[in-house]
Amino acid sequence: MTRTNIGEFEEVVLLIVAILHENAYGVSVMEEIENQTGRKINISAVHSALDRLESKGFLKSEVGGATAERGGRRKRFFRITVAGQRTLDAIREQRNRLHDQIPNLGLKYVGI
Amino acid sequence: MSVFKQEPPQWALRLLRFYCKPRALEIIEGDAYELFYKRAATEGLKAARRKFSWDVFRFFRFRYIKGLEDFNSLNNIAMFKNYLKISIRSLLKQKFYSFINISGLALGLAACLLIVLYISHELSYDKYHKDIDRVYRVANGQSGNWTPARLGAQMKADFPEVEEVARINGPFSQTFKVGDKIFKEERGFSADSTFHKIFTMEFVEGRAEGALNKPNTIVLTQSLANKFFDYGQALGQIIYIDGEATMVTGVVADPPKNTHFYYNYVLSYPHDFWVTVGNWTGNAFFTYAKLTEQATPEQVHAKIPDFVREHVGPALIKYSGHATYDDFLAAGGKKSFTFIPMKDLHLHYPHLALGSSGSIDNVYIFSAVALFILLIACINFMNLSTARSAMRSKEVGMRKVLGSLRGQLVGQFMTESVLVCLLSSVLALLIASLGLDGFNQLANRDFEHAQLFEVATLAKLFALMIVVGLMAGSYPALVLSSFQPIKALKGEAQARGKGGVLLRKGLVAFQFAISIFLMVSTVVVFSQLQFLKKQDLGFDAEQVLVVKNVSRLGEKAQVMTQRLEQVPTVQSVSLSSQYPSEWISDWGYQTLEDNPRSYSFINMFATAGFLETMNIELLKGRNFNRQLVSDTSNILINEAAARWLGWEDPIGKKLSRGNGEDYTIIGVMKDFNFNSLKRGISPFVLRLMTDDGHAEGGWYAGNYLALKVSGNFQETVSSVEDIWKETIADEPFEYVFLDDSFNALYEEEERFGQLFTASSGLAIAIACLGLFALAAFTLQRRFKEIAVRKVLGASVKSLTLMVIRNFTFLVFIGAVIAIPTAYLVMKGWLADFAYQMNLNNPLIWLLPALFVAVIAWLTVGFQSVKTAMSNPVKALRSE
């Protein structure tokens with residue numbers, strides 16, 4: 001079984017970046033996570049995760065234009081790389097495979 | 001108002017900008033701002049500001065904190081890293097020299113570190129007292145210890161400048177009975193109830209106020225209380241001190257060790273006449289005074305003459321026999337009191353300090369020794385660095401060609417020397433902690449290992465390291481960096497090395513000078529000690545056993561004496577008020593002439609057997625007769641007293657204590673040393689004590705029993721102890737042999753000698769390390785020259801001698817500098833002694849120089865023989 005070098009929170013962040021497509025930067029990612037999952041997280045945690053993912057090669061970033069909403073400071077937009085995409089796929093595939101193998105008996109037993 | 005006009009907390013923003021990596025700052029700041037504006041619009045400004053600060057705190061992560069590479073001086077850091085790398089490489093390349101450099105410096109630094117520890121300890125004395133700057137010791141006259149009973153109280157009443165006074169007495173050693181346990185405790189003092197207002201005390205049990213108000217109360221230190229009551233409550237307990245019931249009214253934390261009088265317990269004074277009133281001519285108290293904040297001691301000193309005239313004058317003239325106080329002054333009489341700052345007591349007035357044995361001279365001597373040793377180690381460092389310069393000249397030339405500035409080269413060599421210092425400091429800490437016990441003995445202090453690793457000590461070591469690194473490193477750095485690149489690359493850099501060689505030789509000679517100086521001092525100190533111990537004391541101190549605490553026996557003393565006389569190994573017994581080698585008080589006597597002269601004679605009471613016990617020779621007249629009661633008004637004097645009196649035949653003449661109290665001289669004793677031989681023999685008066693220990697006027701003075709013993713000491717001591725135990729059960733038996741007691745007087749000198757031994761040993765060791773490396777280096781450079789000489793027919797002997805001759809010359813120069821200096825310094829040291837050894841013995845001077853020379857020969861000779869014996873082909877075949 002291959003191991004993907006990625007943590008649970010990182011996976012969420014990576015997914016959100018993929019969802020936001022062209023508009024993924026610190027604040028938007030944080031808000032999207034809040035909206036989608038209801039998790040309250042600090043902006044610094046998001047930054048840290050984004051940086052980690054970038055250094056692992058799953059994300060790449062570029063600096064955008066200045067906007068008034070942040071006092072003239074520029075945004076750093078993130079986009080998912082091919083490697084990131086593949087990792088997400090691999091994770092999903094692995095999960096699905098595992099899910100599929102759960103015998104019905106077991107499911108009944110735990111009451112599902 | 002638009003949300004964009006609102007601002008987050010500025011301090012948080014500043015903090016963020018301070019710590020955050022510039023690379024990440026804009027993005028982080030942008031996101032934080034965006035969130036701030038959004039929250040300000042929805043949650044209100046206050047919450048937004050609070051959350052902004054919180055975000056800033058949360059961004060404080062390793063990932064976002066500035067690193068070294070984020071500072072502007074990026075280049076310098078890189079260069080610095082390179083310096084460090086090159087330094088380490090060059091140290092590793094020449095392991096032998098590096099080892100000698102580092103270990104020599106480490107030895108020097110370790111010695112320095114210990115001495116710095118000592119000096120800062122000495123300077124810290126009494127600093128823990130609050131208001132130390134306002135507390136003074138009142139000295140009788142210029143620096144007399146004891147002052148009258150009423151002095152303090154009267155000063156407080158008369159002088160508005162004096163805020164508080166306290167008197168103390170001590171130190172005592174007394175016997176404590178707690179329950180049925182018996183303890184003998186030392187360092188006790190009695191004190192006024194104002195004690196705590198002058199000296200800072202921290203009460204653990206009881207209250208400072210009123211703790212010493214009533215007679216028979218005592219304040220214990222924590223450790224003593226724990227010992228007595230086994231960690232139970234001490235307050236309110238009754239204990240028996242020398243048989244007297246005393247109540248514990250307080251327990252204080254142990255005073256720090258660095259105080260000029262360390263107390264284990266403080267007793268209150270009895271409400272007796274001698275304490276509450278006393279008289280102005282009797283001096284029995286140490287007086288301390290605290291001045292108000294505005295007052296200076298000068299203001300008080302100005303008022304003292306009138307104070308003395310008013311209060312002391314009347315009592316004084318009654319005693320001195322003058323009509324008025326003015327007559328007393330006109331006759332040359334002096335009476336005054338001096339305020340001496342308490343912070344100076346430990347170092348500057350050790351005789352006033354109550355047993356802390358400090359000495360400013362010691363501080364100076366230790367500092368000088370530290371400086372010497374450090375200097376020798378630094379010289380090693382400089383010599384080896386410059387000597388190796390030839391090897392590094394190509395490196396320097398290359399660097400210069402590639403554009404290195406001189407400042408950068410200096411920086412590189414400095415880095416190297418600081419690195420060496422850093423390594424030696426670590427080693428120094430190790431050496432210092434190994435040598436701590438020995439050092440404690442030398443300095444008579446008890447430093448603990450933990451003190452070496454305190455932050456304050458480490459900071460001092462660090463400062464020392466930087467200073468040494470820069471000091472020792474600056475010369476090589478300047479020399480090496482001054483090479484001209486072309487010459488350096490061609491290998492001609494040593495062309496200007498002539499001055500360098502001379503300097504190197506000068507420094508080595510200086511090292512020898514210091515070593516020889518220390519050696520000579522060691523020899524002189526020890527010879528003087530030997531000289532003192534061999535001196536004829538004028539009496540027989542050997543085989544005299546002195547039993548202490550005899551005053552506790554009281555009336556039983558006589559019985560004990562009689563029983564002791566029955567012991568076969570005890571030849572004679574005598575009871576005395578004091579004993580030789582101990583401090584003996586002086587009493588004033590006047591002659592009964594037309595122009596009476598008065599003098600303070602050393603005065604001692606003893607029973608008739610004293611002369612026999614001590615084996616003191618009687619020159620004229622007769623000894624006391626124990627059968628004659630009238631002999632208590634007769635006295636024996638020594639030769640010095642006879643000389644002072646100047647009479648042709650003193651026998652039968654009289655000396656007076658005033659008020660018709662006259663004593664007839666019945667004999668003259670041969671001079672004997674009753675004190676340290678540092679002092680000469682002063683005029684001495686011996687008075688008779690009756691066999692039951694009472695002196696003239698019924699006053700009990702039998703404090704000591706002196707026993708002349710023979711045969712086996714151990715057996716005699718134990719039989720004496722048995723008799724003591726049978727006579728008085730609950731008093732510990734204490735004794736001393738008189739010759740040991742005399743030798744103990746030279747403890748300070750003994751330590752002084754040890755200090756010189758240790759430091760001269762260290763100095764020679766470090767100097768030899770340096771010499772060894774230097775010789776190895778020189779021989780390596782002259783390898784070819786020696787080979788050529790050998791090929792041309794020089795013998796091993798002549799080659800070895802050639803090398804040794806160079807170094808011998810340096811030792812000679814060193815001796816020429818060291819011996820006259822040592823002569824002057826040691827003459828100054830000897831000036832303190834009444835009995836001085838003969839300094840004109842050439843052996844004292846030549847032996848140390850010869851010793852150092854021999855060590856130098858051994859150091860150099862071994863290597864030169866090895867070089868001279870080696871096969872010349874090896875040196876010559878290359879090129």
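Predicted model: local features only at pLDDT ≥ 70, side-chain atom pairs only at ≥ 80, totals over all residues.
In chain A, the mean pLDDT is 85, and 88% of the residues reach a score of at least 70.

The secondary structure of chain A consists of five helices and two strands. Their order along the sequence of chain A is α-α-α-β-β-α-α. Chain A has 112 residues, and 39% of them count as buried. Of the contacts in chain A with a separation of 6 or more, 51% are between residues 24 or more positions apart. Chain A has an accessible surface of about 6,800 Å², and carbon and sulfur atoms contribute 50% of this area.

Chain B contains 29 helices and 22 strands. It has 879 residues, of which 51% are buried. Within chain B, residues at least 24 apart in sequence account for 79% of the contacts between residues at least 6 apart. The accessible surface of chain B amounts to about 41,300 Å², with 58% belonging to carbon and sulfur atoms.

Rolling a probe the size of a water molecule over the atoms shows where empty space is left. Seven cavities of 30 Å³ or more are present in the structure. The largest cavity holds about 150 Å³ of space. Four helices of chain B, namely helix 13 (360-387), helix 14 (389-401), helix 15 (406-443) and helix 17 (455-481), are the elements that each give two or more residues to its lining. Helix 15 of chain B provides the largest share, with four residues. In total, 14 residues line the largest cavity, and those nearest its centre are Phe381(B), Ser385(B), Arg388(B), Arg392(B) and Glu416(B). By residue class, the lining of the largest cavity comprises six nonpolar, five polar and three charged residues.

Two residues of chain B were considered for their backbone geometry. Most residues other than glycine have a negative phi. Asn216(B), which is not a glycine, has a positive phi near 55°. This residue, Asn216(B), is located in the loop between strand 5 (203-205) and strand 6 (217-221) of chain B. The relative accessibility of Asn216(B) is 36%, so the residue counts as partly exposed. Ser581(B), also a residue other than glycine, has a positive phi of about 85°. The loop that holds Ser581(B) runs between strand 13 (570-576) and strand 14 (586-591) of chain B. Ser581(B) counts as buried because its relative accessibility is 7%.

The surroundings of three further residues of chain B were also examined. Leu291(B) belongs to strand 10 (residues 283-291) of chain B. With a relative accessibility of 1%, Leu291(B) counts as buried. When residues up to four places away in sequence are not counted, Leu291(B) touches Arg134(B), Tyr136(B), Glu161(B), Val162(B), Glu163(B), Thr296(B), Pro297(B), Val300(B) and Phe339(B). The C-alpha atoms of Leu291(B) and Val165(B) are 8.9 Å apart, while the two residues are 126 residues apart in sequence.

Thr632(B) lies in the loop that links strand 16 (618-621) to strand 17 (634-638) of chain B. Its relative accessibility of 15% is under the 20% limit, and Thr632(B) therefore counts as buried. Beyond its neighbours within four places in sequence, Thr632(B) is in contact with Tyr663(B), Leu688(B), Thr690(B) and Glu696(B).

Gln754(B) is part of helix 25 (residues 747-781) of chain B. A relative accessible area of 34% makes Gln754(B) partly exposed. Apart from neighbours within four places in sequence, the contacts of Gln754(B) are with Leu442(B) and Phe526(B). Between Gln754(B) and Gly438(B), the C-alpha separation is 9.8 Å, and the two residues are 316 residues apart along the chain.

Definitions and conventions
Residues numbered from 1 in each chain as written. Chains lettered and ligands numbered in written order. Heavy atoms only, no water. pLDDT = per-residue confidence, 0-100. 1 Å grid on protein atoms, 1.4 Å probe; cavity = no way out; pocket = protein on both sides within 12 Å on 5 of 7 lines; lining within 4 Å. Points joined across faces, edges and corners; volume = space filled by probe spheres on them. Nonpolar A, V, L, I, M, F, W, Y, C, P; charged D, E, K, R; others polar. Buried < 20%, exposed > 50% of the residue type's maximum accessible area, 1.4 Å probe, protein only. Contact = heavy atoms within 4.5 Å. Areas by Shrake-Rupley, 256 points an atom, 1.4 Å probe, with all protein chains shown as cover.
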